[in-house]
Amino acid sequence: MRFKLLWALVAFFLAPCISGAEEITGEGNIAVEVSGLWARPAALGANTAVYGMWVNQGEATVTITKVEAKVASHSTIHNTITENGVSRMVGVDKLALPSKVSVELRPGSMHLMLMHLKEELIKGASIELDI
């Protein structure tokens, strides 16, 4: 399934253009609420991450396997792991949103990574993500 979410940079963070939360719906009983989204502004060619709260209010697990953003050369789902006191990011194949559970994408944990930005992300800018 393909969903479009629109966000705008506010202050130093990426926040929803529509106040409150955005809901994703699709075939069957899928209802995912997305809120509190943000990312750090970044320069042309740089990388940035998108964070926020995802709540699956549906009856079944929703699995996100692909993220696309026109503003980035490619986008991926990442997790941060720490081994022997050293943290590093690793790509993951999917982001599972279990039924009736909140999943927070946050620094030092799961996040959506926008790689090699095609344009600078500045305060007040808008981007569109396909999930």
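Buried residues are those under 20% relative accessible area, exposed residues are those over 50%, and partly exposed residues lie in between (1.4 Å probe, protein chains only). His111 counts as buried because its relative accessibility is 2%. The structure is a predicted model, in which local features need pLDDT of at least 70 and side-chain atom pairs count only at pLDDT 80 or more, while totals for chains, interfaces and linings use all residues. Residues are numbered from 1 along each chain as its sequence is written, and side-chain values use heavy atoms, with hydrogens and water left out.

**Surroundings of His111**

- His111 belongs to strand β12; strands (E, at least two residues) and helices (H or I, at least four) are DSSP runs numbered from the N terminus.
- A polar atom of the His111 side chain lies 2.9 Å from the backbone oxygen of Ser109.
- Leaving aside residues up to four places away in sequence, His111 touches Ala49, Val50, Tyr51, Thr76, Ile77, His78, Asn79, Thr80, Met89 and Leu105, where contact means heavy atoms within 4.5 Å.

**Strand β5 and its partners**

- Strand β5 (residues 48-56) is largely enclosed by the rest of the structure, because eight of its nine residues are buried.
- Strand β4 (residues 31-38) runs antiparallel to β5 and is joined to it by five bridges; two strands pair if DSSP finds at least two bridges between them.
- In this pairing, Ser35 stands opposite Met53 of β5.
- Three bridges pair β5 with β12 in the antiparallel sense, and Val50 stands opposite Leu112 in β12.
- Five bridges pair β5 with β11, again antiparallel, and Val55 faces Ser102 in β11.

**Strand β8 and its partners**

- Strand β8 (residues 72-83) is antiparallel to strand β12 (residues 111-117), with six bridges between them.
- Thr76 stands opposite Met113 in β12.
- Seven bridges connect β8 with strand β9 (residues 86-92), also in the antiparallel sense, and His78 stands opposite Gly91 in β9.
- The hairpin of β8 and β9 has two residues between the strands, and Asn84 takes a positive phi near 55° there.

**Other positive phi values**

- Lys100, in the loop between β10 (95-97) and β11 (101-105), has a positive phi near 60° although it is a residue other than glycine.
- Lys100 counts as exposed because its relative accessibility is 54%.
- His116, found in strand β12, is not a glycine either, yet has a positive phi of about 50°.
- His116 counts as partly exposed because its relative accessibility is 40%.

Methods
A polar contact is a pair of N or O atoms within 3.5 Å; within protein, one must be able to donate a hydrogen and the other to accept it, and residues adjacent in sequence count only if both atoms are side-chain atoms.
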